[in-house]
Amino acid sequence: AAIFDSPSCTAKSFTNCSASRAAEGLNRMLPKLLILFIVLPLLDLWLLFTLADGLVRFGVTVGLVVATGIVGASLAKRQGLAAWKNFNAELGRGALPADAMLDGVLILLAGAVLITPGLITDAIGLALLVPPLRRVVRRRLIARLASKIQVQSVASPHFPGTDDPNPPPAATVIDAEFHRHD
């Protein structure tokens with residue numbers, strides 16, 4: 001009953017409840033997506049046109065965008081390979097390579113952002129390629145993801161919890177063999 005945390009969520013309407021939760025999540029995410037895909041590119045275009053129009057010549061502005069893309073792609077490739085080696089080394093030691101995986105994802109994101117023409121996106125991409133800044137982003141991302149995780153336990157008569165005062169008797173094990181005769 002703990003998973004049905006609102007009055008409208010009952011065992012009979014669990015599918016509807018999940019759909020409404022998904023719709024609520026989309027409604028919260030929509031403004032962020034609008035900012036990401038509409039406002040940020042418009043700001044990037046405005047900055048490029050402002051720089052090309054008066055402060056710096058057009059050729060210098062285009063050169064700056066191309067240079068940051070080339071430098072960023074080179075850094076992303078080098079750091080991506082380092083993250084891959086770190087990932088494999090941690091796996092080889094038998095450790096969970098969570099940090100290496102997140103570094104790889106952030107480096108991939110940096111590379112994707114650097115491909116997008118614009119100075120604001122290039123600054124974000126280059127910032128993600130600086131290891132100390134990436135560590136800060138990684139820690140915040142982990143903290144945010146950890147705050148979203150809910151751990152719940154479910155009791156079952158077949159797998160009783162340790163806090164059950166009256167556990168059911170041990171399950172009966174039936175050993176059998178199977179032979180197929182065609």
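**Ground rules**

I number residues from 1 along each chain as its sequence is written, and I leave out hydrogens and water, since side-chain values use heavy atoms. The model is predicted, so local features need pLDDT of at least 70 and side-chain atom pairs count only at pLDDT 80 or more, while totals for chains, interfaces and linings use all residues.

**Entry 1: the pocket**

I looked up the largest pocket and got a volume of about 430 Å³. My note on the term: on a 1 Å grid over the protein atoms alone, a pocket is an open set of points where a 1.4 Å probe fits, with protein on both sides within 12 Å along at least five of seven lines. Lining residues have an atom within 4 Å of a point. Grid points are joined across faces, edges and corners, and the volume is the space filled by probe spheres set on the points.

There are 17 lining residues, and Leu 36, Leu 40, Val 113, Thr 121 and Ile 124 are the closest to the centre. Helix 1 (14–55), helix 3 (98–115) and helix 4 (119–128) each give two or more residues to this lining. Helix 1 gives the most, with 7. For the record, helices are DSSP runs (H or I, at least four residues), numbered from the N terminus.

I sorted the lining by class and got 14 nonpolar, 2 polar and 1 charged residues. Here Ala, Val, Leu, Ile, Met, Phe, Trp, Tyr, Cys and Pro count as nonpolar, Asp, Glu, Lys and Arg as charged, and the others, Gly among them, as polar.

**Entry 2: the salt bridges**

How many salt bridges does a search of the whole structure find? I got 3, taking a salt bridge as a side-chain nitrogen of Lys or Arg within 4 Å of a carboxyl oxygen of Asp or Glu.

Arg 138 pairs with Asp 99, the closest N and O atoms being 3.7 Å apart. Arg 138 sits in helix 5 (residues 131–148) and Asp 99 in helix 3, so this pair ties together parts 39 residues apart in sequence.

Arg 138 also bridges to Asp 103, at 2.9 Å between the closest N and O atoms. That pair again links helix 5 to helix 3, 35 residues apart.

Arg 134 meets Asp 103 at 3.3 Å, N to O. They lie in helix 5 and helix 3, so parts 31 residues apart are tied together.

I noted that Asp 99, Asp 103, Arg 134 and Arg 138 are linked in a network.

I checked relative accessible area (buried under 20%, exposed over 50%, partly exposed in between; 1.4 Å probe, protein chains only). Arg 138 is buried at 11%, and Asp 103 is buried at 12%. Arg 134 is buried too, but Asp 99 is partly exposed at 37%.
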